[in-house]
Amino acid sequence: MHADHSQHLSHDMDHMATNQMPMDHMDMHGDMGDMDMGGGHMMHMGNLKRKFWVSLILTIPIVLLSPMMGMRLPFQLTFPGSDWIVALIGTLLFFYGGAPFFSGAKAEIAQKKPAMMTLITMGVGVAYIYSLYAVIANDLFQVTPVVTDFFWELATLIDIMLLGHWIEMNTVMNAGSAVDSLGKLLPQTAHVLGADGQVTDLNLADLQIGQVVAVRAGEQIPADAQILTGHSDINESLVTGESRAVAKTVGDAVIGGSVNGTGTFTAKVTGTGDSGYLAQVMDLIQNAKQSKSKSENLANRVAGYLFYAALFVGILAFIIWVTLTSLPVALPVAVAVFVIACPHALGLAVPLVVARSTALAAQNGLLIRNRDAMEQVNHLKFALMDKTGTLTQGHFTVNHLVSLDQQYDDQAILQLMANLESGSSHPLATGILTAAKAAGVTVTAAEDPHQVTGMGQFGTITGTEYGLVAVNYLDQHHLAYDHDQFAAYASEGNSISFLVANQQVLGLVAQGDQIKPAAKQLVTALKRQGITPVMLTGDNQETAEKVAHAVGITDVQARLLPEDKERLVQHYQAKGKVLFIGDGVNDAPSLARADIGMAIGSGTDVALESADIILVASNPADVIQFLDLARATNRKMTQNLWWGAGYNLIAIPLAAGVLAPIGFILDPMVGAVVMSLSTIIVAINAMTLRVKRPA
C-alpha cells in the first residue's frame, strides 16, 4: 500500500551520504577514545594502553624478586637489598599504574557508591602500605617472625585490572573491525566528471556533494551516490552481507566501498564526511560500546558489596584477634582479608565476555548499539514486526494496473504514477518505475513532490495535483472505489495504491512482494522459544493476513500509522517484554519504545538512531542468531561473576579465621593459588563463548 512509503525501508538518497572517512574519524578506532573508569572519571585509550605496558614491565622484577603471599616460587631470586629494589619499583607501580583507579575511587566515594574502583583501591592500598611496613620491619628491625609483604599481589592486581579495562575499550575496535575494512577499501581517488565532459582524478577527501563521478568496471565505488547514467551489478557483500550482486540502474543508490561489476556508470555524490554511511556506523559502534550495560552495573554492584563485606569482616577480625591475641597476630589477619578481596577474576569477568560476544556479533553481521538490550532477551514475551522489508523482500512488481476513469487509458495512468514516483527509490516506487520503463513510458518528474506520512505520495503534474495513496486515504476522505475489486487484488497478497486527483479515483496499481525465505523459519523459532510473533503493518488487512498466514503468524494488525504502531508496542509491553523488528521511517518510534529495537537494513537513518540492534544482512534468521548469542552471553557473564565473586565469598571469612576454633585458618599461599585459578577459569570461560550459525 502506498501509504507505506514512509513506513518501509527508506532508500531515499537524501538519507545517504558519502563514505569518505577523514583520518581523525578513523583514528577513533586506534588509540583514540575515552572510557569511564568509574564515577564518571574518564581515561584516555592511549594513556590506558601505555599504563598497562609500563606497569607490566615494572611487574617483571617484582615477580622475580617478591614472594607470592609469602611463598617463594622456584624461579624467584633473593639477594641483599632485593627487598628494597622491590619496594622502590612497587612504589613506582603503585602510584603510576594505580592512578586511574584512585581517581575512579575518589569519584565513587564522592557519589557514595563504592564499586569496582573503590574495591581495587582498597586492595592495592592496603597491600602497598603493609608491604612497606614489612620491608622496614624485616630489613631495618629484623623482627621475628618475618612479616609477609604483598608486592606480588599489588603488581598483578594492577596489571590485571588495567588489562580488563583495556579489553573493554578495545571492544570498540573489535566490534568495528568488520565495518572498518570497508573504509580501507575505499579508493584514494575518484574519477570526477567535469562540466566539459572531461574526467579528472580527485583526492577522495576533496570530493564534494553534487559532483558527478565515473565508476569503471571492477572498481570500488568512491562514495555514496545516485546513478545518473549507465547500469551495472554491484557487489555489496561487505556492506549488506549478501553475496549475490545487486542490479543497479539509473536512479538507484550505490554505497561507497561496494565493488562495481562489469558495467560502467556515472553517479551523483550525495554527501561527504561524517554523514556517510560507514562513518555513521562507526560512530554507532563507538557510542554503543561506551554505554554501560546492566551486567557491568551488576559487576560494579557486586564489587561494592565485596568492598563493604571485606571492610566489615577485616575490621571485625582485627578487633577480635587483637582482643584474643596480640597486634602482631591481628594485623596480618586483617590485611589478608583486605588483600584477598582484590577482584582479580571479577575485574575480567564482564570485559572478557563483552569483548568476545561483540566480536562474534560483528563477524556475523550483528551490530549491537545498546548492550542493555541483551539483558532483556531472557524475559521476552512478544516479537512485533513490520511486513515489507522485514518478512518480505521489499521488491515489488506490478501485477495489475487498471484505469478507473474513461479519460485515461492504462498507459496514461502508469505515466502519471511514474511521474509522481520519479524521485523515489522506495520499493513500491521502484516497482512502478520498472513497469513504466518496460512499457516505454516517458517519465517526467512531478513538481513539488511531497509525502504525507501514512497517506501517500503527492505532486503537481501540468497544473493538477495528483496523489498515489493507500486505501485508508480513500476511506478517510470518503472517496468512492470498488470494494470488491480491492478485496480481490488484496487477497492475492498485493499492496494496492490508488491514483487520485480532484477528489476522484483515477486508477489503481496492485503490486506483489515475495516473502523472504527465512521469514517462516524466524516465526517458527520464536514460537519454539515461547515468544509470540505479531505483525504490525501499514499495509491493507487482506495482504497482511495473507503474508501472516504464509509465515505462521496469527496476530495481525494492519493499516497502521506510525503512532498506531508505537501505541501497540506499549499495549504489548503491559503484558511482557517486547522485541520490535522494523526497517522504515515509520518504525522509528516503535524501535525506540520497544525493550529491544532491531532494525533490518543497516543503511537507514532509523537503524542508526533508533534501534538497539542492527542486522546488517537484513536476514530474518539473524534475529534468532542474536537471541541465541544474547542468551549465551548472559549465561557467560553470570557464570563469570559467580567465579569472580564466589572465590571472595569463601576466601574472605576463611582468611578472617572463622574456622580458627577448629584449627583451620586459610593459608595465604593457598588463597593466592585459588585466586589465580579463578582468574584463569574466568578467561577460559569467556573464550568458549560461541554463536550458533543460522541453518
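Helices (H or I, at least four residues) are DSSP runs numbered from the N terminus. This is a predicted model, in which local features need pLDDT of at least 70 and side-chain atom pairs count only at pLDDT 80 or more, while totals for chains, interfaces and linings use all residues. Residues are numbered from 1 along each chain as its sequence is written, and side-chain values use heavy atoms, with hydrogens and water left out.

Gln 570 belongs to helix 19 (residues 562–573). Because its relative accessibility is 38%, Gln 570 counts as partly exposed, a class lying between buried (under 20% relative accessible area) and exposed (over 50%), with a 1.4 Å probe and protein chains only. Between Gln 570 and Ala 594 there are 7.7 Å in space, C-alpha to C-alpha, and 24 residues in sequence.

Two helix pairs are described next. Axes are lines fitted to C-alpha atoms over the stretch in contact, and angles between N-to-C directions run from 0 to 180 degrees; contact means heavy atoms within 4.5 Å.

Helix 3 (residues 82–97) packs against helix 4 (residues 99–110) at about 50 degrees, their axes being 4 Å apart. Helix 3 is therefore oblique to helix 4, the term for angles that are not roughly parallel (under 35 degrees), roughly antiparallel (over 145) or roughly perpendicular (65 to 115). Helix 3 contributes Phe 94, Phe 95, Tyr 96 and Gly 97 to the contact, and helix 4 contributes Ala 99, Pro 100, Phe 101 and Phe 102. This contact comprises seven nonpolar, one polar and no charged residues, where Ala, Val, Leu, Ile, Met, Phe, Trp, Tyr, Cys and Pro count as nonpolar, Asp, Glu, Lys and Arg as charged, and the others, Gly among them, as polar.

Helix 17 (residues 519–528) and helix 22 (residues 621–656) pack at about 35 degrees with axes 7 Å apart. Gln 521, Leu 522, Ala 525 and Leu 526 of helix 17 meet Ala 621, Val 623, Ile 624 and Leu 627 of helix 22. Here too the classes are seven nonpolar, one polar and no charged.

The structure holds two cavities of 30 Å³ or more. A cavity is a set of points on a 1 Å grid over the protein atoms alone where a 1.4 Å probe fits but cannot get out, and lining residues have an atom within 4 Å of a point. Grid points are joined across faces, edges and corners, and a volume is the space filled by probe spheres set on the points.

| Cavity | Volume | Lining residues |
|---|---|---|
| Largest cavity | about 40 Å³ | two nonpolar, five polar, two charged |
| Second largest cavity | about 30 Å³ | five nonpolar, one polar, two charged |

The lining of the largest cavity includes Lys 387, Asp 513 and Phe 396. Among the residues lining the second largest cavity are Asp 83, Asp 149 and Phe 151.

Conventions: Helix = DSSP H or I, 4+ residues; strand = E, 2+ residues; numbered from the N terminus. 1 Å grid on protein atoms, 1.4 Å probe; cavity = no way out; pocket = protein on both sides within 12 Å on 5 of 7 lines; lining within 4 Å.
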